[in-house]
Amino acid sequence: MLAKRIIPCLDVRDGKVVKGINFVGIKEVGDPVECAAEYNDQGADEICFLDITATHEGRKTMVDVVRRTAQRVFVPLTVGGGISSVDDFRELLRSGADKVSVNSAAVRNPSLIKEAAEIFGSQCVVVAIDAKKKGDSWTVVVNGGRIDMNIDAVEWAQKAEELGAGEILLTSMDTDGMKQGFDIELLNAVCNKVKIPVIASGGCGTLQHFSDVFKETKASAALAASLFHYKELTVSEVKQHLKDNDIPVRNF
Amino acid sequence: MIAIIDYGAGNLFSVQNALNFLGIENIITKDKADIEKADKLILPGVGAFPDAMRMLSDAGLVGVIKEQVKTKPLMGICLGMQMLFEKSYEFGETEGLGLIPGTVELMKPENDLLIPHIGWNALEKNEECPLLQNVEEGDYVYFVHSFAAVTDSKNVAAYCDYGMKVPGLVAKGNVYGCQFHPEKSGKTGLDILKNFAML
């Protein structure tokens, strides 16, 4: 039986880990390779780097961060942020990433998902969706929530699956940073419509939130950033809590 | 010295990173002389069976691998593990290295479980195997695959359960194969690689 995964995410800018709330008010908080190694020691099932660098120099730095991390951390490594071409995929996979996540570029150019899946395999194509409640449904937003693409988030997840996405990383912009729990309603709306694994992101603040998301939705994994970064909880505490609640997790 | 066989397909650098981390001497090579000199061989692989076998054959390495396993341990990883068997049915029918009796077939799990089988799954020990030293029953390793080996239970050191019994670790004489990725399986995976290096 597959284990539910806990994935710490590190937001990286110019080679440094940074963290903001609701995608604003960013501050620097450490070295990504060290942080990833620590999460690995805590029992993280996968490590996610989100590159929020805008410059070309910063992107080269990210490739180096990935390469150095892959020399020390032996769990799957997912890298996203600013990916816009098959060449970006290739460069990161060659540097040691196991999966690449693509967000706004895929919304603007969905064929990128198909091309990448055909060349590298679906297992390494993660489509990240930032969704925001709008009336009775959810809309896809990009650029850190600043731009509403007027696309239904559930339909977009289905389309991403059809195009060859191997996984959906679903972030609720309504719950992100609020620490009031994952967006169960949004997760169920998407999980019930796709067959590929969905990673829940945005809103966790307590241990209970993790057991809730696995009891109340079909999410395969839960991702968190600041919670782990500020050591409010450790990955091992979360996994112990899940184990105590009879949710299958990898022993650590 | 472990030779990581480079035939143009695979997760060579991940495997090398893990061996380097463990302080195990290794070389990525497609050179027959290196393969003959090495103490042990690792055959990695990612992608589709027919392409991989064709590349291995084009690189002129099929004969040397078959010859060398008579005297030294070989570990296949993921597709490299599948290539150890006699035949695969991925995209038609392709002959494998034939080092372990059995075939490679599309998985048909019960309960509507999804293919590919991706993620952390628990090892269930079956036959004694030196690679499982320090590995506990139920330890998790990382899988990414759609096809699986069909072979006699005596060749299977550990299974995992995914709506069917999936051979996770196979062994026959000098030949070992991991369907999972030991180089991405945390401490358990590193222990398995270390056990292989110490054979």
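Student: Hi! How many helices and strands does chain B have?
Tutor: Hi! Chain B has 6 helices and 14 strands; these are DSSP runs numbered from the N terminus, with helices (H or I) of at least four residues and strands (E) of at least two. This is a predicted model, where local features need pLDDT of at least 70, side-chain atom pairs count only at pLDDT 80 or more, and totals for chains, interfaces and linings use all residues. Residues are numbered from 1 along each chain as its sequence is written, while chains are lettered from A and ligands numbered from 1 in the order in which they are written.

Student: Which residues does B:Ile100 touch?
Tutor: Leaving out residues up to four places away in sequence, B:Ile100 touches B:Leu84, B:Phe85, B:Thr151, B:Asn155, B:Val170, B:Lys172 and B:Val175. Being in contact means that the C-beta atoms of two residues, placed from the backbone, lie within 7 Å.

Student: What about B:Lys70, buried or exposed?
Tutor: B:Lys70 counts as exposed, because it has 8 C-beta neighbours inside 10 Å. B:Lys70 lies in the loop between α4 (62-68) and β4 (74-77) of chain B.

Student: Switching to chain A, how many helices and strands are there?
Tutor: Chain A has 10 helices and 12 strands. Its radius of gyration is 16 Å, close to the 18 Å that the globule rule gives for 252 residues, so chain A is as compact as a globular protein of that length.

Student: Which residues of helix α7 of chain A are buried?
Tutor: In α7 (residues 184-191) of chain A, they are A:Ile184, A:Leu186, A:Leu187, A:Val190 and A:Cys191. Seen down the axis of α7(A), these buried residues fall within an arc of 160 degrees, so they line one face of the helix. That arc is the one of the directions from the helix axis to the C-beta atoms.

Student: What do the buried residues of α7(A) pack against?
Tutor: Their partners in chain A include β7 (125-134), α6 (153-163) and α8 (207-216).

Student: Last one: how many residues of chain A are in contact with chain B?
Tutor: 17 residues of chain A are in contact with 22 residues of chain B. The side of chain A that touches chain B has 7 nonpolar, 4 polar and 6 charged residues. Here Ala, Val, Leu, Ile, Met, Phe, Trp, Tyr, Cys and Pro count as nonpolar, Asp, Glu, Lys and Arg as charged, and the others, Gly among them, as polar.

Conventions: Buried ≥ 20, exposed ≤ 12 C-beta atoms within 10 Å, placed from the backbone. Rg over C-alpha atoms; globule rule 2.2 N^0.38 Å.
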